[in-house]
Amino acid sequence: MNRQPDTAAREWAEALCFYAGKDSAFFESFWSALKESQPVYREFVYYLENQNFLCEYRISGYTIVDIMVWQMDHFKAQLDRGHDDMKQNGDKMLLMAFDTMLRMEKQPEKYIYLMQSETGTDYPEKY
């Protein structure tokens, strides 16, 4: 990549937002929050450059992969209810995991509670 890392990361973030169906206001808010958080930004750039998760940064023990797994549980629950807008959209799943990590930095208790109390639908009579 010949571009500056920050330029490449910004372009990739914008592309992820586009492919996830998010508008420019979401992108600007996401990019601003990402630039304010060096640890999440580092994880984001690492993924961009390696197509793999660094998982160096933890919030109360949770990594970006933990967030992704939790969100996949929710994705499966949405499929069970007939909502399948993310069925073919891995970009959206990835973007939302990074966005959730940024939000988790600001409100860790809220997201820790959700991650520990909300589960998917892999057991009888959930929904």
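Of the contacts in the protein with a separation of 6 or more, 63% are accounted for by residues 24 or more positions apart, a contact being defined by heavy atoms within 4.5 Å. The structure is a predicted model, in which local features need pLDDT of at least 70 and side-chain atom pairs count only at pLDDT 80 or more, whereas totals for chains, interfaces and linings use all residues. Residues are numbered from 1 along each chain as its sequence is written, and side-chain values use heavy atoms, with hydrogens and water left out.

The secondary structure comprises six helices and zero strands, and the elements run α-α-α-α-α-α from the N terminus on; helices (H or I, at least four residues) and strands (E, at least two) are taken as DSSP runs, numbered from the N terminus. Of the 127 residues of the protein, 40% count as buried, where buried means under 20% relative accessible area, exposed over 50% and partly exposed in between, with a 1.4 Å probe and protein chains only. The mean pLDDT, the predictor's confidence in each residue on a scale from 0 to 100, is 85 for the protein, and 78% of the residues reach 70 or more. Confidence is lowest in helix 4 (residues 64–80), at a mean of 75, and highest in helix 2, at 98. Where pLDDT is low, the predicted coordinates should not be read in detail.

Eight aromatic pairs are found in the structure, a pair being counted if the ring centres of Phe, Tyr or Trp (its six-membered ring) lie within 6.5 Å, with planes under 30 degrees apart classed as stacked, over 60 as edge-to-face and the rest as tilted. The ring centres of Trp 12 and Phe 44 are 4.5 Å apart and their planes stand at 40°, so this pair is tilted. Distant parts of the chain are linked by this pair, as Trp 12 belongs to helix 1 (residues 5–19) and Phe 44 to helix 3 (residues 38–50), 32 residues apart; both Trp 12 and Phe 44 are buried. Phe 44 also pairs with Phe 30, with centres 5.9 Å apart and planes at 65°, so the arrangement is edge-to-face. Because Phe 30 lies in helix 2 (residues 24–36) and Phe 44 in helix 3, this second pair ties together parts that are 14 residues apart in sequence, and Phe 30, like Phe 44, is buried. Ring pairs join Trp 12, Phe 26, Phe 30, Phe 44, Tyr 47, Phe 53 and Phe 98 into a cluster.

Charged groups also sit over aromatic rings, the criterion being NZ of Lys or CZ of Arg within 6 Å of the ring centre and within 35 degrees of the ring normal. The charged end of Lys 22 is placed over the ring of Phe 26, 5.1 Å from its centre, while Lys 35 lies over the face of Tyr 41, at 4.5 Å from the ring centre.

Glu 43, located in helix 3, touches Leu 54, Cys 55, Glu 56, Tyr 57, Ile 64 and Phe 98, not counting residues up to four places away in sequence. Most residues other than glycine have a negative phi. In the loop between helix 3 and helix 4, however, Gln 51 has a positive phi of about 50° although it is not a glycine, and at 52% relative accessibility Gln 51 counts as exposed. Cys 55, found in the loop between helix 3 and helix 4, has a positive phi near 60° and, at 21% relative accessibility, counts as partly exposed.
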